[in-house]
Amino acid sequence: MTLKLISLDCPSCGSALRGEGLDTVFFCGHCGDAATLGENGLEMVEGSALAPAPGRHPGLWKPAWLIEADVTVADRLRSGGRRTEGWSTRRTFVIPAFVTPLDDLTRLARALSEGAGTTAELPREPIHGGTLAIEDAVTLIRHIVIGEEVRKSDMLASLRVDIEVASRRLVALPFEKTGDGLRCAITGVMVRGEG
Ligand SMILES: [Zn+2]
């Protein structure tokens, strides 16, 4: 595997941000601010960390989007044509932004989004970069909400889901390295990925 190192300056403090390969999500190792690389260059994003569960000892940190979104489920139709009531609510989602297979990503996102994590100070260790753009994180949120609706046992035939982002920031997620992957130090969920 070839790693291409790119060097970009932190929009906040001017230090060089280091990324690997296709990274588009960065934490500044100097000031702790976060940034995303889009079509218009680097854009600053508020950054913080999520605290590991008591007794866990994270060995590495990976990025995730912490997104507050207004979720609206409407036009919910059961098979047979009966319409059920829709709803709208504001929820917080945590969507991992690093490379891991989609089923792992979804499982971890669900587990992290169930309980609002406790925010913590950024670790003094380096935080790896990520590749998931905010638009893709919103797509995953939609996927999670649809999955929840489908699992309600009322023979859902169709529905409409709208996701409106109210706020977004990048958070560093703590992980423990294990023999065959990474264990989330908040939820205990295992994912495949490189440390
Ligand atoms: Zn900086």
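Me: What share of the contacts in the protein chain with a separation of 6 or more comes from residues 24 or more positions apart?

Reply: A contact means two C-beta atoms, placed from the backbone, within 7 Å. In the protein chain, residues 24 or more positions apart make up 66% of the contacts with a separation of 6 or more. This is a predicted model: local features need pLDDT of at least 70, side-chain atom pairs count only at pLDDT 80 or more, and totals for chains, interfaces and linings use all residues. Residues are numbered from 1 along each chain as its sequence is written.

Me: Why does the radius of gyration of the protein chain agree with a compact globule?

Reply: The radius is taken over C-alpha atoms, and the globule rule is 2.2 Å times the number of residues to the power 0.38. For 195 residues a compact globule would be near 16 Å; the protein chain has 18 Å, which agrees. Its C-alpha trace spans about 60 × 40 × 35 Å along the principal axes.

Me: How many helices and strands does the protein chain have?

Reply: Both are DSSP runs, numbered from the N terminus: helices are H or I, at least four residues, and strands are E, at least two. The protein chain has two helices and 13 strands.

Me: What is the strand order in the open sheet of three strands?

Reply: Strands pair if DSSP finds at least two bridges between them. Here the order is S3-S4-S5, with antiparallel pairing. S3 (25–27) and S5 are the edges; each has a single partner strand, so one side of each lacks a neighbour in the sheet. The twist averages 30° from one strand to the next, with axes fitted as lines to C-alpha atoms and angles from 0 to 180 degrees between N-to-C directions.

Me: How many bridges join S3 to S4?

Reply: Three, and the strands run antiparallel. Valine 25 stands opposite threonine 36 in S4. The two strands form a hairpin with six residues between them, and glycine 32 in the turn has a positive phi of about 85°.

Me: Which residues in S5 are bridge partners of alanine 35 and threonine 36?

Reply: Alanine 35 has methionine 44; threonine 36 has glutamate 43. Five bridges join S4 (residues 34–38) to S5 (residues 41–45), again antiparallel. This hairpin has two residues between its strands. In a regular strand, side chains alternate between the two faces of the sheet.

Me: Is S4 mostly covered or mostly uncovered?

Reply: Count C-beta atoms, placed from the backbone, within 10 Å of a residue's own: 20 or more others means buried, 12 or fewer exposed, in between partly exposed. S4 is mostly covered, with four of its five residues buried. Across the protein chain, buried residues make up 32% of the 195.
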